[in-house]
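Student: Could we go through this structure together, and could you tell me what each term rests on?
Tutor: Gladly; have a look, and then ask away.

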Amino acid sequence: MAVALPAGAAQAHDDGSVRATVTPASTAPGATVEVSVTGCSGTTGTAGSGAFEGDAQLTGRDGDKYALNGSARIKHDVSGSYDVTVTCDGHPHQGAGTVRIERHNPDPVSPVRAGGGGTAQLTTAATAEANEAGPGTRHAVVGLILAGVAAVAVAFRSVRRRRSE
């Protein structure tokens, strides 16, 4: 009979009355999520998950009538779906909710004219081709203009010297 009482008490806490809602339900690594828990009596609790950096500390007015709320940061190296375990009333409630972490491709699809970052690997091939091709038409025109200005300056200076002698 002593064994039947604790088992009955455990069943009362595992009947699924405790629910955790994670907002947003699908997020990126490193983001902060809000956890809202219903079905706990009392004013405090914790919510933990393999995706969280640490447990979310839950607080609220009256857990029987209102939700307990807290926040947690998602680990940077996770992806996929994770269960949320809530501890309140002195008991753990496993699988009270879920959170989904989706990794987004950090590399841009095409090069961005921003000067670096993830585009470096995409522009390496283009830079190698440009280095092999040599100077283009724009470089030739700028060089001719500079040579012309230098020639005019030398001619002007030599004319001024001859006049002063």
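Tutor: Let us start with pairing: two strands pair if DSSP finds at least two bridges between them. Strands (E, at least two residues) and helices (H or I, at least four) are DSSP runs, numbered from the N terminus. This is a predicted model, in which local features need pLDDT of at least 70 and side-chain atom pairs count only at pLDDT 80 or more, while totals for chains, interfaces and linings use all residues. Residues are numbered from 1 along each chain as its sequence is written, and side-chain values use heavy atoms, with hydrogens and water left out.

Student: How many helices and strands does the protein chain have, and in what pattern do they follow?
Tutor: There are 3 helices and 8 strands, in the pattern α-β-β-β-β-β-β-β-β-α-α along the sequence.

Student: What makes strand β1 and β3 a pair?
Tutor: Strand β1 (residues 19–23) and β3 share 5 bridges in the antiparallel sense, and pairing requires at least two, so the term applies. Here Thr21 stands opposite Ser36 in β3.

Student: And which sense do β3 and strand β6 pair in?
Tutor: β3 pairs with strand β6 (residues 68–73) in the antiparallel sense too, over 6 bridges. Ser36 stands opposite Asn69 in β6.

Student: Why is His93 called buried?
Tutor: Buried means under 20% relative accessible area (1.4 Å probe, protein chains only), exposed means over 50%, and partly exposed is in between. His93 has 5% relative accessibility, so His93 counts as buried. His93 lies in strand β8 (residues 91–101).

Student: Is Gly90 buried or exposed, and why?
Tutor: Gly90 has 68% relative accessibility, so Gly90 counts as exposed. The place of Gly90 is in the loop between β7 (80–88) and β8. Gly90 and Gly45 are 45 residues apart in sequence, yet 8.5 Å apart in space, C-alpha to C-alpha.

Student: Which side chains of strand β3 point to which face?
Tutor: In strand β3 (residues 32–38), Val33, Val35 and Val37 point to one face and are buried.

Student: What share of the protein chain is buried?
Tutor: Of the 165 residues, 19% are buried.

Student: How many of the contacts join residues at least 24 apart?
Tutor: Contact means heavy atoms within 4.5 Å. Among contacts between residues at least 6 apart in sequence, 49% join residues at least 24 apart.
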